[in-house]
Amino acid sequence: MPMNYDDGEVSFDIVEHIGVLATYSTGWAKEINLVSWNGGPARYDLRDWAPNHTRMSKGVTFEEKEMRALIDSFRKRRTAGMRSMRDAAEEQEPKEEEALCAEEMTGTEQTETESF
């Protein structure tokens, strides 16, 4: 679809709609799509679109290699985050075990005391 922007006409073709990331009360939506700009090769495109796709906000485009790098970065971050959560949980385990032992000892002592 051709559009006139300041210095010239820009055309785009949404080759594949991948998904909607957010929808706003205005009807606009943040989408990830494969878009061909000015007849060029399709690229991953992240931007807000009007409901009828005749208007759009500024956005970011990614070539295949860039998109793969982005996804890999998220995966590494997620793995590191999961590792951090696991490490934190392992650090808490001894403290929780100590607390349980103290409760058991306290409970046992109370029971023994109550029997006298």
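Guide: Helices (H or I, at least four residues) and strands (E, at least two) are DSSP runs, numbered from the N terminus. The model is predicted: local features need pLDDT of at least 70, side-chain atom pairs count only at pLDDT 80 or more, and totals for chains, interfaces and linings use all residues. Residues are numbered from 1 along each chain as its sequence is written, and side-chain values use heavy atoms, with hydrogens and water left out.

Visitor: Which pattern does the protein follow along the sequence?

Guide: The protein has 1 helix and 5 strands. Read along the sequence, their pattern is β-β-β-β-β-α.

Visitor: In which strand is the place of D45?

Guide: The strand in question covers residues 43–49. D45 therefore has its place in strand β4.

Visitor: Is D45 buried or exposed?

Guide: Buried means under 20% relative accessible area, exposed over 50%, and partly exposed in between (1.4 Å probe, protein chains only). D45 has 0% relative accessibility, so D45 counts as buried.

Visitor: Which side chain does a polar contact join to that of D45?

Guide: A polar contact is a pair of N or O atoms within 3.5 Å; within protein, one must be able to donate a hydrogen and the other to accept it, and residues adjacent in sequence count only if both atoms are side-chain atoms. At 3.4 Å, the side chain joined to that of D45 is that of W37.

Visitor: Is M56 buried or exposed?

Guide: M56 is found in the loop between β4 and β5 (60–62). Because its relative accessibility is 13%, M56 counts as buried.
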